[in-house]
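This report is written for a reader who meets the structure for the first time. Please look over the sequence and the model below before reading on.

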Amino acid sequence: MKKLDIATLISEHGDILTSLFHHMSDMFFLMSVEESAEKHYHFRYVLMNPAAMQVADLSEEAYGKRIEDVYPEEKAALLNRMYQKAVQSGEPIHYTTNGEVIGESILSPVYNKDGVCTHVFSVTRDITERKKLETRLEYMAYHDVLTGLPNRRLLHINLHDALTAARVNDELVAVLFLDCDHFKEINDTWGHNTGDTFLKMLAERLKSCVRDGDTVARLGGDEFVVLLTGVHTKLQVEKVATRILQSLQQPWVIDGQEFSFTTSIGVALYPTSAADADQLLAYADKALYRAKATGRNQFLFFEDPIPS
């Protein structure tokens, strides 16, 4: 049986090829390859299926035209590099393009009977929705669903990074462990929806009290942790803790209901009172317990004496 090269196949059976790929949801492109005297490659549109035409915003009018004839310079240059790499590699290559549409492509060089690459066959799958889902799932793995704050997992990552930077820069790291005084009363009095709204508002107030480079995380319930980096003195931490207490003492208004609320804060410093991340969190938690047990609506450092 005579072996046909792709050019003959297209010439004699182009309508059959077109019908085969007509209903593919993936985007199919067949490009002819032209090599100039300067060893530059140019690529012309030969066949496309409807999915390819729709996404690429092309029609059959593009057949016979070069990539640079139908696209602006920047996009044409990107596509030309992709196809040129396929020709030069001599084997299928994978390529992912980012933008409004994220495409995952396989570009395969096609050779004639003399071993010359005459065409490149490209199949592109639209993976935009898959990538959006992956991004969303990754975000959910590291953030609290209710408040959007970093969760315990991301807090630990940021904390370990902060300790590494502190060792290099000879700085302090502060962990402020806090929870609300009598938070249960909100849920019992106004319901869990109001409680959730309160926690989201609380998250915003906490973020307004710190710098962009600091971390405000929610561990669960009404437990929050503030991670302060680039600290040089204990006084800096005291100012932030005071700012938080004062901010949370301001009236809260939810669904027309106004109420007051306070919080207690426990603070631990690296390397002053703790040597590693786990110890830092544990000591801040212990300081929080002491702050709540000795009056609430205050902050205490782990090494502070118990108030008389």
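## A loop residue and its surroundings

Arg296 is found in the loop that runs between H10 and strand E12 (299–301), where helices (H or I, at least four residues) and strands (E, at least two) are DSSP runs numbered from the N terminus. This is a predicted model, in which local features need pLDDT of at least 70 and side-chain atom pairs count only at pLDDT 80 or more, whereas totals for chains, interfaces and linings use all residues. Residues are numbered from 1 along each chain as its sequence is written, and side-chain values use heavy atoms, with hydrogens and water left out.

The phi of Arg296 is positive, near 65 degrees, although the residue is not a glycine. Most residues other than glycine have a negative phi, and most peptide bonds are trans. Arg296 is partly exposed because its relative accessible area is 30%; buried means under 20%, exposed over 50% and partly exposed in between, with a 1.4 Å probe and protein chains only.

His182, in the loop between E6 and helix H7 (184–190), is in contact with Phe261 and Arg296 when its neighbours within four places in sequence are left aside, contact meaning heavy atoms within 4.5 Å. The C-alpha atoms of His182 and Phe261 are separated by 8.3 Å, while the two residues are 79 residues apart along the chain. His182 has a relative accessible area of 43% and is therefore partly exposed.

## Other backbone features in loops

Asp255 is a residue other than glycine with a positive phi, of about 55 degrees, and its place is in the loop between strand E9 (252–254) and strand E10 (257–259). Its relative accessible area is 71%, so Asp255 is exposed. A cis peptide bond, with omega about 0 degrees, joins Tyr270 and Pro271, and Pro271 lies in the loop between strand E11 (263–270) and H10.

## The five-stranded sheet

Five strands form an open, antiparallel sheet in the order E2-E1-E5-E4-E3, two strands being paired if DSSP finds at least two bridges between them. Strand E2 (41–48) and strand E3 (93–97) stand at the edges with a single partner strand each, so one side of each is left without a neighbour in the sheet. Within this sheet, strand E4 (residues 103–111) and E5 pair over nine bridges in the antiparallel sense, and Gly103 stands opposite Asp126 in E5.

Ser122 belongs to strand E5 (residues 117–126) and is buried, because its relative accessible area is 2%. Not counting residues up to four places away in sequence, Ser122 touches Met27, Phe28, Phe29, Tyr83, Ile106 and Leu107.

## Strands E6, E7 and E8

Strand E6 (residues 172–180) is joined by seven bridges to strand E8 (residues 223–231), and the two run antiparallel; in this pairing Leu172 stands opposite Val231. Strand E7 (residues 215–220) also pairs with E8 in the antiparallel sense, over five bridges, with Arg218 opposite Phe224. E7 and E8 form a hairpin with two residues between them, and Gly221 in its turn has a positive phi of about 55 degrees.

## Where two helices meet

Leu155, His156, Leu159, His160 and Leu163 in H6 meet Ala277, Asp278, Leu280 and Leu281 in H10. The residues of this contact divide into six nonpolar, two polar and one charged; Ala, Val, Leu, Ile, Met, Phe, Trp, Tyr, Cys and Pro count as nonpolar, Asp, Glu, Lys and Arg as charged, and the others, Gly among them, as polar.
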